[in-house]
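I am opening my notebook to write down what I look up in this structure. Come and read along with me.

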Amino acid sequence: MINTGSCIGISTMRPSCRLLISAETSSIFGFSPAGINKCSVIYNLSKSRSGTSSISRFFCCHVNRFVIGSDRRAFCVSDSNCGQSRVFSTSFDRLSRDVRRMTGGNSSRGILVVPSATSDIRNHSTSVDSHVNEKAFERIYIQGRLNVNPLVIEKVETGHDTLKEELEKDDSSVDTDNFKSLDQSSTEVQRVVSEIEKGAWKLLQDSVVSYCGNPVGTVAANDLADKQPLNYDQVFIRDFVPSGLAFLLNGDGEIVRNFLLHTLQLQSWEKTVDCYSPGQGLMPASFKVRMVPLDGSNGSFEEVLDPDFGESAIGRVAPVDSGLWWIILLRAYGKITGDYALQERVDVQTGIRLILNLCLTDGFDMFPSLLVTDGSCMIDRRMGIHGHPLEIQALFYSALRCAREMLIVNDGTNNLVAAVNNRLSALSFHIREYYWVDMKKINEIYRYKTEEYSTEAINKFNIYPDQIPSWLVDWIPEEGGYLIGNLQPAHMDFRFFTLGNLWSIVSSLGTQKQNEGILSLIEAKWDDLVAHMPLKICYPALESEEWRIITGSDPKNTPWSYHNGGSWPTLLWQFTLACIKMRKPELAQKAVALAEERLSVDQWPEYYDTRSGRFLGKQSRLHQTWTIAGYLTSKMLLKNPEKAYLLFWEEDYELLEICVCGLSKSGRRKCSRFAVRSQIRV
């Protein structure tokens, strides 16, 4: 029988947080602490109108297991001296070091242990079996997903809010007074730019969402005049990335840390067979803090995190990119703050491995690229990107490189690391060889022979030369090139997708020459891809019959609007990062200066319409958070380019020595490390 106590807010102030704790005499790692008794905790964490958080009292005795909400099972080991308010949060950061002491029974701290998943991978396989080994840790079960309580329950009383209150007082926490004008040196221009940045920081801070007194993210848009916010009042994982980077670059890591831990807590950890439930390891697209009545109380409420795994999305599609962005932001947090202990936590390591298991699972696909459906990324509506879209491949490659850096290598992860290395090598070869187009490559495609069945075929995907669109013939410059949007049998999507190409530069998915060629093309086609507002999400737009067939006559994705050729200012920060890496910061400065002229005046819209980006998007939300954060992140990266070097990857020559195709003695041997290595000399 499980003896369960409860922990509820005793204050009448709203909102209150609830932590459920239970104890039993089960063992952890084969160890059962002596003297296990029933545990009762009274805990109050409320937020007053002034923004000051406080902790009332905390009573604790011997605990073997405590339960957070109904969505996790975790374990706490402590002795009789655990009646301190820091019992959970401080020890959690040192979890990996305390596990050995814990098993010896002499730990003086309460330790929250989230079970780890191990992988069983076949030799020389590029995929990971989705089975999670349950021998080392007890299984985590997730039933409902509504009531999820925070992992970090402590907040040190400071007497004042952080960035928001400081901004309201004197803006001293944000170094904007010393920002330099990009193109002009006059004092007046500097003053105006500084005012724009101060206003942007104020708007960014106003978009912060708190959960039980702690900042956990930013809403997608914070337009108070919007009477129908739809899902823009939620915290999206992909949308928070530029916000998180802006806070990190400004020295505020708390909100990013909380965001990473709470989204990890929402991750689906239970493998299901129900086709309407999330798969094991899936990260939600977004979450919202909701107020729900406390059980058995009169007029009291508690805060809960309500995640959306795609069941509320416009197309009911699970987000493929959320887990990839989460891993990328986790690495950025460690690089910028130096807090690598977060990556080493057992629950974080488990989360990384579950995401990798989901992405590297064996399937029917023959390509190293990730097979996804329409609407599974930033372009979350039907736009003809199903299959192997470049954006997902670039993020996938980046997440694999991040995971390889952060995974703790041991007997349980050796196979996983090997699978990651193999997939990285095969994916880089695949994208560099088959997605790249320039004038030379298009000439080759123009003369392709079709219906080639042998392993020596040149036209491996049976691409018909008539697929080359008429617009491309005159548009492709003599110098430079780009990575196409998609590749499938008998189909090449020749559209230019900005995010995928920029992230290929950032992650070194392309070769050095290809990366230079992408920026050369953007510079040569500036009027098409930037014009009055950076940057086009894709080029060109689908029009007429093509638009009707491919989008299903989508009234929001009309030609040169929204995802169909609209201009998205949030892409600025990724463009800036790519330009700094390729030593062309002047291109980023030019784009930022262009956006700076309009964004504040136009109230920071989500996107712009028309071929040149002159009009505000017809359904564009104002005070769009990732527009604001993208601008601020770009400004800080340009001011401190050394920070940019923490966020991108250089070519990894060790990867060129590995290719899973080289393990085969079949005709596919040509896709070996020798072919991969040859790409670096292009």
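Predicted model: local features only at pLDDT ≥ 70, side-chain atom pairs only at ≥ 80, totals over all residues.

I began with a strand pair: E9 and strand E10 (residues 286-293) pair in the antiparallel sense over 2 bridges. Helices (H or I, at least four residues) and strands (E, at least two) are DSSP runs, numbered from the N terminus, and two strands pair if DSSP finds at least two bridges between them. I noted that Ser286 in E10 is the bridge partner of Phe236.

Residues are numbered from 1 along each chain as its sequence is written, and side-chain values use heavy atoms, with hydrogens and water left out.

Which sheet holds this pair? I found an open sheet of 3 strands in the order E9-E10-E11, with antiparallel pairing. Strand E9 (235-236) and strand E11 (301-308) are its edge strands, each pairing on one side only. A reminder to myself: strands of a sheet pair through backbone hydrogen bonds, either parallel or antiparallel.

Next I looked at a hairpin. Strand E7 (residues 208-211) is joined to E8 by 4 bridges, and the two run antiparallel. There are 2 residues between E7 and E8, and Cys212 in the turn has a positive phi of about 55 degrees. I traced Val209 to its place opposite Gly217 in E8, and Tyr211 to its bridge partner Asn214. How many residues of strand E8 (residues 214-218) are buried? I got 5 of 5, so to speak a mostly covered strand, where buried means under 20% relative accessible area, exposed over 50% and partly exposed in between (1.4 Å probe, protein chains only).

Then I turned to helices. The axes of helix H18 (residues 572-581) and helix H19 (residues 585-596) come within 7 Å and cross at roughly 160 degrees. Axes here are lines fitted to C-alpha atoms, for helices over the stretch in contact, and angles run from 0 to 180 degrees between N-to-C directions. H18 and H19 are therefore roughly antiparallel to each other (under 35 degrees counts as roughly parallel, over 145 as roughly antiparallel, 65 to 115 as roughly perpendicular and the rest as oblique). From H18, Leu572, Phe575, Thr576 and Cys579 make the contact, meeting residues of H19 that include Pro585, Leu587 and Ala588; contact means heavy atoms within 4.5 Å.

Helix H6 (residues 254-266) and helix H7 (residues 321-337) pack at an angle of about 145 degrees, with their axes 10 Å apart. Among the residues in this contact are Phe259 and Leu260 of H6 and Trp326 and Tyr333 of H7.

What does Asp528 touch, leaving aside its neighbours within four places in sequence? I listed Trp475, Lys536, Tyr539 and Arg611. Asp528 is found in helix H16 (residues 526-529), and its C-alpha atom is 6.9 Å from that of Ser612, 84 residues apart along the chain.

Last, I wrote down the whole chain. I counted 22 helices and 19 strands, and buried residues make up 59% of the 682 residues. Of the contacts between residues at least 6 apart in sequence, 70% join residues at least 24 apart.
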